Amino acid sequence: MTNDEVFAVVKRRLLEVCPEIPATEVTREASMKELGASSLDMVEVVSVSMRELGVRVARQQLADLRNIGGLVDLLHTAVQAKVA
């Protein structure tokens, strides 16, 4: 699975959890908080994305993320490790 495919999963899940966010504003540079997602929304997006991708990431690693691109990169690394 490519990084772009992981981004597509995260974006789709974010738009499902927060349908009021315009799809055009969901970029790798944006943070979910800046887009208007609550902390509960963010937990839901991360949880359903991990479930769909079949990976788990430690909460400690998630705490350091600053934007959607960081989350995508972290999940992509976990997907690649699972395949290897």
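A78 counts as buried because its relative accessibility is 17%. Buried here means under 20% relative accessible area, exposed means over 50%, and partly exposed is in between, with a 1.4 Å probe and protein chains only. Keep in mind that this is a predicted model: local features need pLDDT of at least 70, side-chain atom pairs count only at pLDDT 80 or more, and totals for chains, interfaces and linings use all residues. Residues are numbered from 1 along each chain as its sequence is written, and side-chain values use heavy atoms, with hydrogens and water left out.

A78 sits in helix α4. Helices are DSSP runs of H or I, at least four residues, numbered from the N terminus. What does A78 touch? Leaving aside neighbours within four places in sequence, A78 is in contact with V55 and V57. Contact means heavy atoms within 4.5 Å. M50 is 28 residues from A78 along the chain, and their C-alpha atoms are 9.4 Å apart.

Next, H76. This residue is also placed in α4. H76 counts as buried because its relative accessibility is 18%. Residues up to four places away aside, H76 touches M1, T2, N3 and V6.

Now α2, residues 39-53. Its buried residues are V45, V46, V48, S49, M50 and L53. The cover over them includes α1 (3-17), α3 (59-63) and α4 (68-83). Does the length agree or disagree with expectation? Expected span is 1.5 Å times one less than the number of residues. The 15 residues of α2 should therefore span 21 Å, and the end C-alpha atoms are 21 Å apart, which agrees. After α2 comes G54, with a positive phi near 70°.

How values were computed: Helix = DSSP H or I, 4+ residues; strand = E, 2+ residues; numbered from the N terminus.
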